[in-house]
Amino acid sequence: MLGPIVGVLFDGLAYGMLLFLLSVGLSVTLGMMNFINLAHLSFGMLGGYVTVTLMDGLGWPFLATLPVAFVAGAVASLVLERVLFRRAYRASDLDQCLLTIGIVFMSVAAAAYIYGTVQQPVQLPSYLTGSVTFLSVNFALYRLFLIATALVITGVLVAALEWTRFGAQVRAAVDNQRMARGLGISVDGVFAIAFALGSGLAGLGGALAIAMVGLDPAFAFAYLVYVLIVVSVGGLGTIWGSFVAATLLGISDMAGKYYIPELGSFLIYLVMVGLLMWRPAGLFGRR
Amino acid sequence: MTAPVLSTRRLDKSFGSLIVAHDINLALPQGVRYALIGPNGAGKTTLINLMTGMLRPDAGQIFLGEDEITSLGPDERVKRGLVRTFQINTLYPHLSALEAVTLAVCERQGHAGTWWRRLPAYRSAVEEAHAILCSLHLGEDCYRLTHELAYGQQRLLEIALALATKPRVLLLDEPAAGVPRDESAGLFTAIANLSEDITVLFIEHDMNVVFRFASRIIVMVGGRILLEGTPEEIAAEPRVREVYLGRARCG
Amino acid sequence: MPLPFVLTPNYLSLASQIAITALFALSLDLILGYAGIVSLGHAAFFGLGAYTAGIISTYGWGEPLSGLVIGAAVAGLVGYGASFVIAHFRHLALIMITLGMGLLLHEAANSASWLTGGADGLQGVNIWPLFGAFKFDLWGRTAYVYSLVVLFLIFLAARRLIHSPFGLSLRGIRENPLRMPAIGAPSRAHLREIYTIAAVIAGVAGALLAQTTSTVSLEVLSFQRSADVLVVLILGGAGRLYGGILGAIIYMVARDQFSGVNPQYWYFWIGLLLVAVVIFLPNGILGGLARLRATWRRAAS
């Protein structure tokens, strides 16, 4: 009887780690600048398509494309931030939503135009396919890889936040922007870098997502809802909050779809609405 | 001796280890003009927030007349006559001055929930609003949008909004903050001309204004009330000078 | 403004759809443009009205006017319940809760296929002729007059609401929610009231759709529809009462003209439009016109 439960937990954890990579950037930038960037997953989608293009078009090995996916997300966000988003930092919630939804629409249409609407297949290297059996439960190698990668990245993020000067500046800017500026911290610069890093992680997440949930132009919208759930339930501006919320969401979604498939995503939405009513600032959020 | 119009009993509030209010006991009789003074960070605005219900006290009670209001929300306290103005303008940028004050009048009269009646009740509210604005010399600019008014006029609009609620007790948080000297005289004259029925408590840093317009002064330091008395008593008290200027180093 | 009868039937049905969209956008304007509630799930009430009107007709009662009232009442009741939650939150939490509620209802309708027909849509919708004489047919004349009259009447009511003290209160809440309790205003009660009213009107729009097209599909509850009505309202200009109508006309006519084009590419231009509106026309077309007028006035003086 343990088998299915462990299987669901494992798959849920892998899914949660993926969601974490896709969400952490949004949580930090929302916490810092209060800028509602619904186009966050467009960077994710970009990373995914970069990987596909490099592998199919140029024959690159899978692992080598991952850093490029990260860089692609980061660079794209820097450009967009400078050209467009900067003007909207002081705009209302609604305007920010509309602006970034517009970007999503455009990116989805562009992806459909260039790549078509089919799911993109990706050929994983042989050492990542197949599974490992432990205590009579099958653990897919790719998901192990995903979990391991995400945990390493979490470790790096937390360490950077705690022990580097940049991390301290980020924490200061999230905590009290005006104060941070008063202390001479270039909040705009810190934000641009944090934004790039977050979008880069989203790009990486998008690349990693192909073999787990698939990639098609609807990605930017379909998973946006999940990312928003992670961010609002976990709290703004907190890495730990995103981690916990993503894990919870990944496991509950897997469990829900496995045990009560007729309900579909109903359970997730219900839990989110309930959690937000109990804690509107998220589980680990402030204010 | 009638009950004080606003009183607090053993009011406490702290944020973690930061004590912003400790054992505040006040009893304000009707009609008196109180000045609340003290160095920055003494907890003066916090006290107003506590009294108006924007902050919940950790301990203690607040009374309006005979009634305890400690558990009431801010809008309920306003309905009973306890009203404040804000140190930083908290106005409606895209409403005209007249619309803003009319809104306050309608809320007071309970019309603001009705949407099927149009002119009759509405017109008397507009006239009342206009009268209030005129009494504060804002009558000519009443149609201008709030964000287009001069800063001093906006401070007056703050007071107009408070007056529209027909307060019994008016708490003014640095009413002349940011207003140039020559304009603030007009502001305080307007405050001085307020009805004798209203009890006024204002936070102020300018001692000339304080001694001119207040009949009693409360001194707050570090969340506690240091002294209370008439202007003459406070002026003579060496502790007050200490609190503002520090202990004398020699002599 | 009403298109003359001279136009071909095709355009009459387009005109009814424009009226319905305008009504839906008007209901969103009341909560978004006037009270400042950002809702990404307003289609919930539209869909409730549509499904209610459709379902009672499948159970044998197809009288349109009473169906309209019942659909609106159901939407209003749910809106009233939801308003207790909505009035408590702001910013991201509010956006997410409205989104979540919309998604929840969509999922629920999907699962409850015994009632709603699920992904296949509601089957057997049968609307009786209006007043026993005017049939809802392919020519669309009845639908056209019906929708237009309902839009007109509700528009008048909304206009009265906006110019009443309640309308002023709503603008106060939007302009400065912090100031409201300080003047003794029960903001939450006001928000609950307007949210319920908006839900009723959205329900009317949804019921109109069901009755004029004799179909109801899951699409009426979708995020797509919530997003579309938002685009329509923003295009015309929120908080200006006529914005929804203007936006509906432009959006629906454009969509009709480009209906041959692949929907993917349609959304590219919508996206570009959104970006352009936010950057250059933050108050929609009506807002832009108002600014032009103000500049002319200043230039003239």
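Leaving aside its neighbours within four places in sequence, with which residues is Val38(C) in contact?

## Val38 of chain C

In this predicted model, Val38(C) is in contact with Asp93(A), Leu94(A) and Cys97(A), and also with Leu32(C), Leu94(C) and Ile95(C), once neighbours within four places in sequence are left aside; two residues are in contact if their C-beta atoms, placed from the backbone, lie within 7 Å. Val38(C) sits in the loop between α1 (9–34) and α2 (43–58) of chain C, where helices (H or I, at least four residues) and strands (E, at least two) are DSSP runs, numbered from the N terminus.

Val38(C) counts as buried because it has 21 C-beta neighbours inside 10 Å; a residue is buried if 20 or more other C-beta atoms lie within 10 Å of its own, exposed if 12 or fewer, and partly exposed in between, with C-beta atoms placed from the backbone. Phe89(C) is 51 residues from Val38(C) in sequence, and their C-alpha atoms are 11 Å apart in space.

## How the model is read

Residues are numbered from 1 along each chain as its sequence is written, while chains are lettered from A and ligands numbered from 1 in the order in which they are written. As the model is predicted, local features need pLDDT of at least 70 and side-chain atom pairs count only at pLDDT 80 or more, whereas totals for chains, interfaces and linings use all residues.

## Contacts between the chains

Among the two pairs of chains that touch, chains A and C have the most contacts, and 34 residues from chain A meet 31 residues from chain C. On the side of chain A that touches chain C, at least two residues each come from α4 (93–115), α10 (224–234) and α12 (266–278), and α4(A) has the largest share with 16 residues. That side comprises 26 nonpolar, four polar and four charged residues, where Ala, Val, Leu, Ile, Met, Phe, Trp, Tyr, Cys and Pro count as nonpolar, Asp, Glu, Lys and Arg as charged, and the others, Gly among them, as polar.

The contact between chains B and C takes 30 residues from chain B and 23 residues from chain C. On the chain B side, α2 (74–79) and α3 (97–109) give two or more residues, and α3(B) gives the most, with seven; the residues of this side divide into 14 nonpolar, eight polar and eight charged. Chain A and chain B do not touch, and their nearest C-alpha atoms are 14 Å apart.

## Chain A

Chain A has twelve helices and two strands, in the order α-α-α-α-β-β-α-α-α-α-α-α-α-α along the sequence. Its radius of gyration is 19 Å, close to the 19 Å that the globule rule gives for 287 residues, so chain A is as compact as a globular protein of that length; the radius is taken over C-alpha atoms, and the rule is 2.2 Å times the number of residues to the power 0.38. Of the 287 residues of chain A, 49% count as buried.

## The sheet of chain B

Chain B holds an open sheet of four strands in the order β2-β1-β4-β5, with antiparallel pairing; two strands pair if DSSP finds at least two bridges between them. The edge strands are β2 (18–28) and β5 (67–68), each of which pairs on one side only. Strands β1 (residues 6–15) and β4 (residues 59–64) of chain B are joined in the antiparallel sense over five bridges, and Arg9(B) has Gln61(B) of β4(B) as its bridge partner.
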